[in-house]
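Reader: Could you take me through one part of this model up close? I'd be glad of a connected account of a single residue and what surrounds it.

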Amino acid sequence: MNAEVRPRVAGRYGKVRWLVALPSFLVAAVMGGLYLVAMPLFPAIKEFYFAQQIHTYAVHQLPLLVHIGAGAVALMLGPLNLMSGLRRRVRRAHRRIGGVYAVAVAVSAVGGFFMAFHAYAGTLPAGRLIVTSGFCVLALAWLFTIAKAVWAITRARDVAAHRFWMIVNFSITFVAVTLRLENGVLLASGTFELLYPLLPWTSLIPNVIGGALFARRINQRRRGEARVAPRGAREKAARV
Ligand code: HEM
């Protein structure tokens, strides 16, 4: 291992990982708890929380709940696998968690794609087109990037490409967090009804750009480490 370089890289990005992990766990727990536990126990909550969709969600309960359950699993497991400590120490756990994460993304994305056609269109002109196209692109990008990440490691055995696509994929999973932050701003500013249809776009675009830049930077650093490390460590750095 290149002892001089790796701790500095881990230290710098360790904070970023926690900044991503904590809100992910929080949103997964709150949203999963709300729809899968609190609402079935106390249906009256539906009158107060997203009442505009009360009828739609009653009609499409199964795809919605499958989408939310699998999405919450993806939000919980994604950050675990991005922790470099676990990845290096318990490789088998990394593979198993990664497998469950990939299935959760695929299942949730199919549910999300279906729900895109029933999403809240608000009062914005062309709101239906904007919100449905936004959620459809989000679901397709989620599926495309997980397929690229899985292909890269299982078929091409390309660790750098796997790392790149997994980070970009998780930046899309993380839309569940940024969308709710932006939603909070709309609610606080009284613009929810008008601007809600824009949310899938305004959360997807910055997340994907940020994720892709971050992933590229990590890969550049790993390449730099591999260049200066002794041969054995170089091979190890290429593998993790
Ligand atoms: C990234 C891809 C995703 C897509 C394409 C997607 C799509 C959708 C769509 C179309 C709806 C209906 C929105 C409406 O009624 O206006 C929805 C609702 C919902 N989704 Fe997702 N979603 C994604 C990720 C996630 C994740 C990772 C979670 C994790 C918990 C999640 C949790 C929810 C919840 C709780 C709702 C109900 C509405 C609310 O209370 O905010 N979604 N999703």
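Author: Methionine 115 touches His60, Pro63, Leu64, His67 and Phe135, leaving aside residues up to four places away in sequence; two residues are in contact if their C-beta atoms, placed from the backbone, lie within 7 Å. This is a predicted model, in which local features need pLDDT of at least 70, side-chain atom pairs count only at pLDDT 80 or more, and totals for chains, interfaces and linings use all residues. Residues are numbered from 1 along each chain as its sequence is written.

Methionine 115 sits in helix 5; helices are DSSP runs of H or I, at least four residues, numbered from the N terminus. Methionine 115 counts as buried because it has 21 C-beta neighbours inside 10 Å, where buried means 20 or more other C-beta atoms within 10 Å of its own, exposed 12 or fewer, and partly exposed in between, with C-beta atoms placed from the backbone. From methionine 115 to histidine 60 the C-alpha distance is 8.0 Å, although they are 55 residues apart in sequence.

Among the 26 residues around the ligand, Gly71, Gly112, Ala119, Tyr120 and Ala176 come nearest; a residue is near a molecule if its C-beta atom, placed from the backbone, lies within 6 Å of it.

Alanine 126 has a positive phi of about 60° although it is not a glycine, and it counts as exposed, with 10 C-beta neighbours inside 10 Å.

Methods:
Helices (H or I, at least four residues) and strands (E, at least two) are DSSP runs, numbered from the N terminus.
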